[in-house]
Amino acid sequence: MEDTTGSNPQSLGFTEKLKSWLSWSWTYICFIWFGMVLIMIYVLWSPLKLQETLTSASVFLNTLTPKFYVALTGTSSLISGLILIFEWWYFRKYGTSFIEQVSVSHLRPLLGGVESSSTTGLFSSVNGETEPRPSVSECKVWRNPLNLFRGAEYSRYTWVTGKEPLTYYDMNLSAQDHQTFFTGDTQQLRPEDAVMQKAWRERNPQARIRAAYQAIEMNHECAAAYVLLAEEEATTITEAERLFKQALRIAGKDINLLVYIKRRLAMCARKLGRIKEAVKMMRDLMKEFPLLGMLNIHENLLEALLELQAYADVQAVLAKYDGKAALTKYLSFQSHHPIFIQALIQCHSHYSNFCFFVDISLPKSATICYTSALLKARAVSDKFSPEAASRRGLSTAEMNAVEAIHRAVEFNPHVPKYLLEMKSLILPPEHILKRGDSEAVAYAFFHLQHWKRAEGALNLLHCTWEGTFRIIPYPLEKGHLFYPYPGCTETADRELLPSFHEVSVYPKKELPFFILFTAGLCSFTAMLAMLTHQFPELMGVFAKAFFSTLFAPLGFFADKMESFMPSSFWHQLTRI
């Protein structure tokens, strides 16, 4: 397909100029149009006999009974109430006003408006300086490093509750992951690879499993087929581990398959209680492939080490995987393994994991922030007392713990409600959005037990986490320790999380103007209908006084126009 973006610069320039002119002149067009309407009404007052028409209309309105006004105001109240209900439902479901969205999406571009949230622009950094905003989307979707097994975990949840824990959007992203990761070179596809390409795209789980068996019949050493069976057909972790081991024996030198299978085998060992074995497998993987930090294998390692209560090792991992260390490893590894780098980038291109290295000032995830906060809170939480702290002040260690909690909450403000069990947990999705509700669900699902194990840590979190919001500037033009919280997380989280889960939204959105307007209109017209029904004569007097006051400026304007213009001018104009 040809690129038409620059095919006709003259026509594009004319269009842009036209839009710019319309946007500039729109402010004045309304006033000019209103003035012309007033002039036309005055000019055509006598030829069209508007005075007689107005008089007859006034007589007609005076003959109407109060029941008519009750019906009129009641109908207005009903219509505005229906609009209010629809607007409220649309706001609860999509987080925005329907009328506002239509206005911004369809009317604003016609008037030459500019989108407020541009991907290229300027924003304030932590030190207050202005920096260029990255051109990549703020709302990148990442593979959940601790994602569950579909057959052994997600499917069991569906059998028990009858609810689907994964959305179609989430599963479609996983299909793209597998399709790219396991069969990336489409020019050298074997017959069984073509079958597996189709299998990953199948929406029906049984169809995927049948395709995997078909690939095995074509080639008994199709490792990708055994991976699919381990993920989706195995109903227990033990069975999944057996299938992964079988896939590992026949994987050969396919680096992508080896990395994926070994990582899942380590996760199987962790789930089966062989934690030290899982830790060793993860460390071996990270040593063999240093760039695995890109796949966030260290988050699996952190969770396993916390289960072992090896807090010194946890601290060492946190220190190793900060932004600068990761970038140094990446630059060193790139010069020796460019082919593997290219494969990983291709695999993760649709959710931009690779873009982490563009911005090393941000931590990789909530896992790093909250694990760091947990370690610092654990050192002081067993003796922490809010009353004692208010009397004597915070010690240095307590201040460090509180600052670490504030830092974690600023990075992802949704996590504390799950850790404090103020909000119910669900099964985590297969993909997460950094700083979003999906990441909070995934973190709390695996790490809540570690916070409970540290005595007093949840109490310290409960006493201090809300203080973060007094530090962050509002509105969120800039952050305190991080870049401003992105405004697109709610929409992406609604795609990743199931419909029965109430998505956490930050910052809390104020009610749109049109909801408040329709609520006020509905209430006002309902009150008018009730008052007109109860006090018809009094409301009639009030209505006449209101309309006479409303049209008084128009009469004043007409009198001034008659005194300013000679009568012969208006006579000749009316003849024309």
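**Salt bridges and buried residues**

R453 has a relative accessibility of 32% and is therefore classed as partly exposed. Salt bridges with shared partners connect R150, R208, E232 and E430 in one network. The model is predicted, and the structure contains 18 salt bridges.

**The E307–R453 pair**

- The side chains of E307 and R453 form a salt bridge, with an N to O distance of 3.4 Å.
- This pair joins distant parts of the chain, since E307 lies in helix α13 and R453 in helix α21 (residues 437-453), 146 residues apart.
- E307 is partly exposed, because its relative accessibility is 21% and the buried class requires a value under 20%.

**The E153–K271 pair**

- A salt bridge also brings together the side chains of E153 and K271, at 3.1 Å from N to O.

**The R190–E192 pair**

- R190 and E192 meet through their side chains in a salt bridge of 3.3 Å, N to O.
- As a general point, oppositely charged side chains can pair when their charged atoms come close.

**E241 in helix α10**

- E241 is located in helix α10, which covers residues 237-250.
- The relative accessibility of E241 is 8%, so E241 is counted as buried.
- Leaving aside residues up to four places away in sequence, E241 is in contact with L265, C268, A269, L272 and R274.

**N300 in helix α13**

- N300 is part of helix α13, spanning residues 297-308.
- With a relative accessibility of 4%, N300 is also buried.
- Which residues does N300 touch, not counting those up to four places away in sequence? The contacts of N300 are P145, L146, R263, M267 and M282.
- The C-alpha atoms of N300 and A278 are 9.3 Å apart, and the two residues are separated by 22 residues along the chain.

Notes: Residues numbered from 1 in each chain as written. Predicted model: local features only at pLDDT ≥ 70, side-chain atom pairs only at ≥ 80, totals over all residues. Heavy atoms only, no water. Helix = DSSP H or I, 4+ residues; strand = E, 2+ residues; numbered from the N terminus. Buried < 20%, exposed > 50% of the residue type's maximum accessible area, 1.4 Å probe, protein only. Contact = heavy atoms within 4.5 Å. Salt bridge = Lys/Arg side-chain N within 4 Å of Asp/Glu carboxyl O.
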